[in-house]
Amino acid sequence: MRDVLETERLTLREITKADLPILYRIFGDTESMRFYPRAKSFEETEAWFQKLAFRSYEESGFGLWGVVEKATGELIGDCGVTLQPTPKGLEPEIGYHLRREWLGRGYAAEAAAACRDFGLGSLGFERIVSIVSPENIPSLRVAARIHQRWETYRTVTAAGAEVDRFLFISERDGGEPTGSMPSTETRAAMAEADALLLMRRREMER
């Protein structure tokens, strides 16, 4: 088990199979998975981390990492970088899942920002993204805080449904100077407003 990143309050480390019962508290929980098609079984959770953690570590050198609160030493969720399809092809994407009792403390943004910096720095990516459903307002607000800009696109799910997605983007050399960007709170509010407009537009198209 290797520590990968450290922030003021968190350590991000490689996940082990011993962590899966704790992580299943997220993936098996209907409320935590409300923006997914459904909650996962333990076997589906294991397969998820086999692909996006264990196999990704071996093949790519990165993946989903365990998020540990320094103050308690407790595993509170996962956050990391995986390769996901976007309109530009496979791109490094930041994703996270936290146990419900640790939401609302700024941990998601703290972990995701560390992954962004690590991806654009140590991993050498020119661009790193986050993919978020417009209905997922909490994640939209996190992504808007840590990324430089966003756009929308339409894609088709595994079940064949056409859906809208927000693509939040950070680029190593393509961002605006920090001083010219709106504050993190303003960007979060702007992303939320864009999501509400998009959902309204989709309803009118039906």
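This note goes through the salt bridges and one loop lysine of the predicted model in numbered points.

1. The model is predicted, with local features requiring pLDDT of at least 70 and side-chain atom pairs counted only at pLDDT 80 or more, while totals for chains, interfaces and linings use all residues. Residues are numbered from 1 along each chain as its sequence is written, and side-chain values use heavy atoms, with hydrogens and water left out.

2. A search of the whole structure finds 18 salt bridges, a salt bridge being a side-chain nitrogen of Lys or Arg within 4 Å of a carboxyl oxygen of Asp or Glu. One of them joins arginine 127 to glutamate 91, with the closest N and O atoms 2.6 Å apart. Arginine 127 belongs to strand 6 (residues 127-132) and glutamate 91 to strand 5, so this pair ties together parts that are 36 residues apart in sequence; helices (H or I, at least four residues) and strands (E, at least two) are DSSP runs, numbered from the N terminus.

3. Both partners of that bridge have their burial assigned by relative accessible area (buried under 20%, exposed over 50%, partly exposed in between, with a 1.4 Å probe and protein chains only). Glutamate 91 is buried at 7%, and arginine 127 is buried at 12%. Not counting residues up to four places away in sequence, glutamate 91 touches Thr82, Leu83, Gln84, Thr86, Arg127, Val129 and Leu167, where contact means heavy atoms within 4.5 Å.

4. Arginine 149 and glutamate 151 also meet through their side chains in a salt bridge, at 3.4 Å from N to O. Salt bridges that share partners join Glu91, Arg127, Arg149, Glu151 and Glu171 into one network. Within it, arginine 149 is partly exposed, with a relative accessible area of 32%, and glutamate 151 is likewise partly exposed, at 34%.

5. A further salt bridge is formed by the side chains of glutamate 126 and arginine 172 (3.4 Å, N to O). This pair links distant parts of the chain, 46 residues apart, with glutamate 126 in the loop between helix 3 (107-120) and strand 6, and arginine 172 in the loop between strand 8 (162-171) and helix 5 (184-205). Glutamate 126 is partly exposed at 48% relative accessible area, and arginine 172 is partly exposed at 37%.

6. Lysine 40 lies in the loop between helix 1 (20-27) and helix 2 (42-60), and counts as buried at 19% relative accessibility. Leaving aside its neighbours within four places in sequence, lysine 40 contacts Tyr24, Phe27, Gly28, Met33, Thr45 and Trp48. Its C-alpha atom is separated by 8.6 Å from that of threonine 30, which is 10 residues away along the chain.
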